[in-house]
Amino acid sequence: MKFIAVVAQKDDTDKLVKQLEALGCTIEKVLRITGVITGDAGPRKLEELNLPGILTVEPDRRISIRKKKP
Amino acid sequence: MLLAGFLCIQLKLIMPATTLIPARMLRQDAHKPRFTGKQLVLLNRAATTKTITSQAKKSSLRLASTADFSKSRSGDFLTQALVQADGIVFEKLKVAIINEALDDPMRHLMAASSTAKNFLHAEAERYVYALAGAKKKKTSDPFTDNSTATWGIQAINVLKSKFSGKGIRVAVLDTGIDTTHPDFKGKIKGKKTFVSGQQVLDQNGHGTHCSGLIAGLTHPTKKFRYGVAPEAQLYIGKVLSNDGVGTDSSILAGMEWALEQKCRIISMSLGGAVEPGEKYSSVYESVAREALKQNCLIIAAAGNESERSRNLIAPVGHPANCPSILAVGSLSASLAISDFSCGGLNSEGGQVDIAAPGENIWSTWKNKGYRRESGTSMATPIVAGLAALILQADPNASAAATWMKLNQDAKRLTLPASDCGAGLAYSRH
């Protein structure tokens, strides 16, 4: 499952990326200004990615335009 | 009709003289006649119809009975009875209706010791009127596009503004932009795609429409204005595919890029539906707080899942439901809340912060075109454009102060705050 996560302290980002990779996750984006990490959890459940230092983990949702449908 | 009216009277309208009637009702019906001239008479439930009609006959009153008309197929039997007789007895109800000008014999029947126990009470028959429906709240005369500007531009009072958003960086995270459109010449200062395999060039049209509402100026031939902040600098992040679909990860990447580009405003006419009671995204909330710290205001569409005409109001969607993202609802040209516009239902975040024109909004489209669109998607860049005007007026204003200024300047509407927040986004510069 694809995920989005945000770290509590941006200084910890690189360390947490390594820990997530060690869990088997494929990291796709590391957004350093906002402290966001995105990727694929592989066989892991999202709860398992909630490591110390990770503020929250959520599924990567589908988003669409907000034009009124005809 | 009279029978139905009579039943209403029996059930609801017979009130003691001291009963207070709401003033509104009195005013409403003041010009209508109240009494028919006939009498309603309450009869003893123990008395038979035969006894009643017999006693009435002795006072020169010829009373018919509903039983006499039990096989009548005509709904107008009551009129017929009151023509043929002096009145009619409703057997099951133990009530009689007596014709006009027969007050004296009725008074005799109620006064005489032999009949008073059966003829208990008389009162004037009232006319009963259908209650008028609640008056619709008066809405403003609808705005219309004219030779000067689109209705939305007029409604937000931007024509009187001396500001144009000059130099303010506004990120539009959407389906991209028609980079060849003449209306954006010199206005696109940065662009990046976050959609794999697709260029920034908008082949959907939505992103081009939203960008035009921010930084478009006038129609090239008709010369009416449609953009709010025509001198704003556009930073176009393509986070949604040409099908109008994307993912959180692309949008978050676009937000990060907008912060890198030092954009003061991020306009996001995108989102996903949430369920009533569903909590906002902590990831987006964290990102939005960081953006506010970096003086960037994120403005997002509340969503279009409501069907208010069917009493269905959907909660503000993701990610506009984050407390640190300014959520925009949609208004019609009469400044009523749009049928589709989501409402502030969820107590944990999920409020509508402000509303803006969002129906039949004219702007740029793909392939160097123009068209009208509706949705909170359209209301959102209009607010983003207004924010650019505010920031041009006070370039040192923080993102939080810009948000507050949008709220302060909003024109209050007689609509629930849960639908329109502070009201109609409005320029007061």
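How many residue pairs are in polar contact across the interface of chain A and chain B? The rule finds 22, both residues of each pair being at pLDDT 80 or more. Keep in mind that this is a predicted model.

## The interface at a glance

Chain A brings 24 residues to the contact and chain B brings 45. Together they bury about 2700 Å², with carbon and sulfur atoms giving 60% of that area. On the chain A side, Ile33(A), Ile63(A) and Arg66(A) supply 33% of what that chain buries against chain B, more than any other three residues.

As for charge pairs, the rule finds 4 salt bridges across the interface. One of them links the side chains of Lys10(A) and Glu290(B), at 2.9 Å from N to O. Sort the chain A residues that touch chain B and you get 10 nonpolar, 4 polar and 10 charged.

## The sheet in chain A

Chain A has an open sheet of 4 antiparallel strands in the order 2-3-1-4. Strand 2 (26-31) and strand 4 (54-59) sit at the edges with a single partner strand each, so one side of each has no neighbour in the sheet. Inside the sheet, strand 1 (residues 2-7) pairs with strand 3 (residues 36-40) over 5 bridges, and Val6(A) faces Val36(A) there.

## What chain B puts against it

Helix 8 (residues 248-260) of chain B packs on this sheet and touches strands 1, 2, 3 and 4 of chain A. Helix 9 (residues 282-293) of chain B lies across strands 1, 3 and 4, at about 45 degrees to strand 1 of chain A.

There's also strand pairing between the chains: strand 5 of chain A and strand 9 (residues 245-247) of chain B run antiparallel, joined by 3 bridges. Here Ser64(A) has Val245(B) as its bridge partner.

Note on methods: Residues numbered from 1 in each chain as written. Chains lettered and ligands numbered in written order. Predicted model: local features only at pLDDT ≥ 70, side-chain atom pairs only at ≥ 80, totals over all residues. Heavy atoms only, no water. Pairing = 2+ DSSP bridges. Helix = DSSP H or I, 4+ residues; strand = E, 2+ residues; numbered from the N terminus. Contact = heavy atoms within 4.5 Å. Axes fitted to C-alpha atoms, helices over the stretch in contact; angles between N-to-C directions. Buried area = accessible area lost by both parts, 1.4 Å probe. Polar contact = N/O pair within 3.5 Å; in protein donor to acceptor, adjacent residues only side chain to side chain. Nonpolar A, V, L, I, M, F, W, Y, C, P; charged D, E, K, R; others polar.
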